[in-house]
Amino acid sequence: MPFSNLGLSDPILHAINELGYTAPTPIQKQAIPIILSGKDLIATAQTGTGKTAAFVLPILERFNQERTLRGKRVRALIITPTRELAIQVADNVAQYSRHLNLTSMAVYGGVDVEPQKERLIEGVDILVATTGRLLDLAHQRALHFDELEVLVLDEADRMVDMGFVGDINKIIDRLPEARQNLLFSATMSDDVRDIADRFTDSKVASPAVEISVSPKTKAANTIHQWLITVDKDTKSALLSHLINEQQWDQALIFIEKKHAAAKLVVQLAKRGIVAEAIHGDRSQAMREKILADFKSGKLKYLVATGVAARGLDIGELSRVVNYDLPFKPEDYIHRIGRTGRAGATGEAISFVAMGDFKNLCAIESRLDQIIERKEIDGFAVRKEVPVSVLNFVRTSKPPMPKSGSQKSRSNTAPPQNRANAAHKSRGKKASVDKNDDRPNKHIWG
Ligand code: AMP
């Protein structure tokens, strides 16, 4: 299904096209029509599923259609558990609304409140906020919610974990009852359900729609796909760990670059794991020998670049590893198709690093399925600011819209503040002050 079937107008389609999104992800397909219909939504979806666009795009669409002659009031409030996520979501809002005449910004703790207050005086349609700073600004009467139309709680489970339930309740008490409520959470615990109940309390007459894009449980005779989010530089350690801990009998390991393939073989050898690599720099005779060894079981672990592996008839495999996530969804499907053949059980494991989420979304969209996420002890992702956040400081104006689209005036908090916040939180424990938000627990929030 293309994005154009979802009821989004041209300026929005144009923006997502410019970002390279080819098709909506499963959460987007489900959530966008519901949100456009004005209903409340409770969605279970993990990070990396495209959940941000799932709620931002329909909000933009509604606001673009229903233009108001309102004052300088907030129309949509998106609450996030961490500063980094607030920055990231505001970044997405700015990108998706670049051809619309709507304003947006992020407010969060750890930076000077005054520039945020000044910016709020100018008025903002979509406000992304962390709870501490939001309450602070509300106490200072810098924020008015009397015209609020939509409230979004993003990553509600993390807000519960971080002890923000009291703050959320205080915020909800300040909001008008007639509003649309959207809650997104990776898991639906009792605590999250309590928030959801309270959150949608104002709409007793029209119950919230619930959706979930958790991974499908696959029958035993098909491919078990799962993924791990991992720092790029711990991938080889993770692979060795999995091979040893899970006692893998065999694995075909796909990697993008030939020098990386050779390097990985050395890294595995240092950990006592014998592997061979096939890539463009190996002679045909050598490739054939390695392949024969792999097929006979003499060689258990084969590292292959996508290109080198393409023409190979490797036969049935118990396991493939996307050490690097392929750029094209077709390549992913092709690769995992090498395992679980003829009713045999197969496993396809993908390592997803920072910067891979766009690819992942395209793959999940193509599969129309969410891939199971697993966490491996000792391989938690380093708490670091994502590149996209550091690059967030916009130095140039977005390109002029094409004919028919509207002028953008999307904005976010002052660049220096955003950059400062991003840098401050990197590599050290963020401090927690009274009016502030908790340190980031997991950067890909
Ligand atoms: P999220 O789950 O909202 O954190 O999104 C994860 C990543 O997927 C972000 O980098 C988005 O820019 C990207 N993304 C969202 N929707 C799509 C889509 N339909 N196609 C490709 N990438 C997407």
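This is a predicted model: local features need pLDDT of at least 70, side-chain atom pairs count only at pLDDT 80 or more; totals for chains, interfaces and linings use all residues.

Trainee: What makes a stretch a helix or a strand here?
Mentor: Both are DSSP runs numbered from the N terminus: helices are H or I with at least four residues, strands are E with at least two. On that basis the protein chain has 17 helices and 14 strands. Of its 445 residues, 55% count as buried.

Trainee: Why is α3 called oblique to α4?
Mentor: Helix α3 (residues 51-65) and helix α4 (residues 83-96) pack at about 45 degrees, with their axes 10 Å apart. Axes are lines fitted to C-alpha atoms, for helices over the stretch in contact, and angles run from 0 to 180 degrees between N-to-C directions. Angles under 35 degrees count as roughly parallel, over 145 as roughly antiparallel, 65 to 115 as roughly perpendicular, and the rest as oblique. The angle of about 45 degrees therefore makes α3 oblique to α4.

Trainee: Which residues of α3 and α4 meet?
Mentor: T52, A53, F55, V56, L57 and L60 in α3 meet V89, N92, V93 and Y96 in α4. By class, this contact of α3 with α4 has eight nonpolar, two polar and no charged residues. Nonpolar covers Ala, Val, Leu, Ile, Met, Phe, Trp, Tyr, Cys and Pro; charged covers Asp, Glu, Lys and Arg; the others, Gly among them, are polar.

Trainee: Is the crossing of α3 and α4 left-handed or right-handed?
Mentor: The crossing of α3 and α4 is right-handed. A crossing is left-handed if the near helix is turned anticlockwise from the far one by less than a right angle, and right-handed if clockwise. By the same rule the crossing of α6 and α8 is left-handed. The axes of α6 and α8 come within 10 Å and cross at roughly 40 degrees. T131, L134 and L135 of α6 make that contact with D167, I168, K170 and I171 of α8.

Trainee: What makes helix α6 mostly covered?
Mentor: Eight of the nine residues of α6 (residues 131-139) are buried. They are T131, G132, R133, L134, L135, D136, L137 and A138. These residues pack against β2, β3 (104-107), α5 (113-121), β4 (126-130) and α8 (165-173).

Trainee: Why are α8 and α9 called roughly parallel?
Mentor: α8 and helix α9 (residues 190-199) pack at about 5 degrees, their axes 11 Å apart. The pair is therefore roughly parallel. The contact joins V165, I168, N169, I172 and D173 of α8 to I195, R198 and F199 of α9.

Trainee: How do you know that β2 and β5 pair?
Mentor: Two strands pair if DSSP finds at least two bridges between them. Strand β2 (residues 76-80) and β5 have four bridges and run parallel, with V150 as the bridge partner of A76. β5 also pairs in the parallel sense with strand β6 (residues 180-185), over four bridges; there V150 stands opposite Q180.

Trainee: What makes β10 and β14 edge strands?
Mentor: An open sheet of seven strands has the order β10-β11-β9-β12-β13-β8-β14, with parallel pairing. β10 (275-278) and β14 (372-373) each have a single partner strand, so one side of each lacks a neighbour in the sheet. Helix α14 (residues 329-336) packs on this sheet, touching β8 (223-229), β9, β12 (319-322) and β13 (346-352).

Notes:
Residues are numbered from 1 along each chain as its sequence is written. Side-chain values use heavy atoms; hydrogens and water are left out. Contact means heavy atoms within 4.5 Å. Buried means under 20% relative accessible area, exposed over 50%, partly exposed in between (1.4 Å probe, protein chains only).
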